[in-house]
Amino acid sequence: ITMTQTKKKTTTRKPAVKRVKLPPNPFIHEILDLLGEQRTKAKRVDILKEYRDDSLTAILIWNFDDRVQSAVPDGQVPYKENEVPVGTDHTSLRREWKQLYHFIKGGNDTLSSLRRESMFIQLLEGLHPKEAEIICLVKDKELEEVYPKVTLDVVKEAFPDIVWGENRGS
């Protein structure tokens, strides 16, 4: 008697990305991290639509619109990262985004460079460390370097109502 074993053929398939529901009023970095986990452009667009907020659109416009230029110097910012445990004394871009106009050319041109830069450092030091990193990336228009799936194409599809500057709108 011979026993023949039939070997079950298995194929390895990547597990589907589980759709995580973010808490109410999520940090911008949580939205961008979730967006980065999505495999398709359609899902990335859906994430942006679902979590659309004035703070998120302000960040994306600053990063992608050529007309919006930073009034703070490019490069590393000498600030001390907020080391308070997560969930305690951090503020968020959702709360502080209305102050961003101070750091954009044409936003508040009455500020001296020194005052503007010290205000920028104060803002960064109060923010959650990942939120501060996002602001530093956005001021240099480098958001895609850390969040490569956050592209102008995805943002334009998610927010067709935004009017973009000369070089980006076509």
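Me: Which residues sit on the face of H5 turned away from its buried side?
Reply: Leu114 and Gln122, both exposed. Keep in mind that this is a predicted model.

Me: And which residues of H5 are buried?
Reply: Arg116, Met119, Phe120, Leu123 and Leu124. They cover an arc of only 135° around the axis, so they fall on the same side of H5.

Me: What do those buried residues pack against?
Reply: Helix H3 (54-64), helix H4 (93-96) and H6.

Me: How many residues does H5 have, and how far does it reach?
Reply: H5 spans residues 113-126, which is 14 residues. From first C-alpha to last it reaches 20 Å. That is close to the 20 Å expected at 1.5 Å a residue.

Me: Zoom out. How many helices and how many strands in the protein?
Reply: Eight helices and zero strands. From the N terminus the order reads α-α-α-α-α-α-α-α.

Me: What share of the residues is buried?
Reply: 40% of the 170 residues count as buried.

Me: What about contacts between residues at least 6 apart in sequence: what share joins residues at least 24 apart?
Reply: 73% of them.

Me: Over to H1. Which residues are buried there?
Reply: Ile28, His29, Ile31, Leu32, Leu34 and Leu35. The cover over them includes H2, H3, H4, H6 and H7.

Me: At what angle do H1 and H6 cross?
Reply: Roughly 75°. The axes of H1 (residues 28-37) and H6 (residues 129-139) come within 8 Å.

Me: How do they divide into nonpolar, polar and charged?
Reply: The contact of H1 with H6 has three nonpolar residues, one polar and three charged. Two of the H1 residues in this contact, Ile28 and Leu32, are also on the buried list for H1.

Me: Now H2. Which residues are buried?
Reply: Arg44, Val45, Ile47 and Leu48, in a helix running over residues 41-50. Their arc around the axis is only 155°, which puts them on the same side of H2.

Me: What do they pack against?
Reply: H1, H3 and H8.

Me: Backbone next. What is the phi of Asn25?
Reply: Positive, about 55°, although Asn25 is not a glycine. Most residues other than glycine have a negative phi.

Me: Where is Asn25, and is it buried or exposed?
Reply: Asn25 lies in the segment before H1. Asn25 is exposed, with a relative accessible area of 59%.

Me: What about the phi of Lys141?
Reply: Lys141 also has a positive phi of about 55°, and Lys141 is not a glycine. Its place is the loop between H6 and helix H7 (143-146). Lys141 counts as partly exposed, at 24% relative accessibility.

Me: How far apart are the C-alpha atoms of Glu144 and Phe64?
Reply: 9.7 Å, with the two residues 80 apart along the chain. Glu144 is partly exposed, at 35% relative accessibility.

Me: Where does Gly165 lie?
Reply: In the segment after helix H8 (152-158).

Me: Why does Gly165 count as buried?
Reply: Because its relative accessibility is 3%, and the cut-off for buried is under 20%.

Me: What does Gly165 touch, leaving aside neighbours within four places in sequence?
Reply: Asp65 and Arg67. The C-alpha atoms of Gly165 and Asp66 are separated by 5.5 Å. Those two residues are 99 apart along the chain.

Me: Last one. Where is Ala58, and how far is its C-alpha from that of Tyr101?
Reply: Ala58 is in helix H3. Its C-alpha is 9.6 Å from that of Tyr101, 43 residues apart along the chain. Ala58 is partly exposed, with a relative accessible area of 22%.

Key:
Residues numbered from 1 in each chain as written. Predicted model: local features only at pLDDT ≥ 70, side-chain atom pairs only at ≥ 80, totals over all residues. Heavy atoms only, no water. Axes fitted to C-alpha atoms, helices over the stretch in contact; angles between N-to-C directions. Helix = DSSP H or I, 4+ residues; strand = E, 2+ residues; numbered from the N terminus. Contact = heavy atoms within 4.5 Å. Nonpolar A, V, L, I, M, F, W, Y, C, P; charged D, E, K, R; others polar. Expected span 1.5 Å × (residues − 1). Buried < 20%, exposed > 50% of the residue type's maximum accessible area, 1.4 Å probe, protein only. Arc of directions from axis to C-beta.
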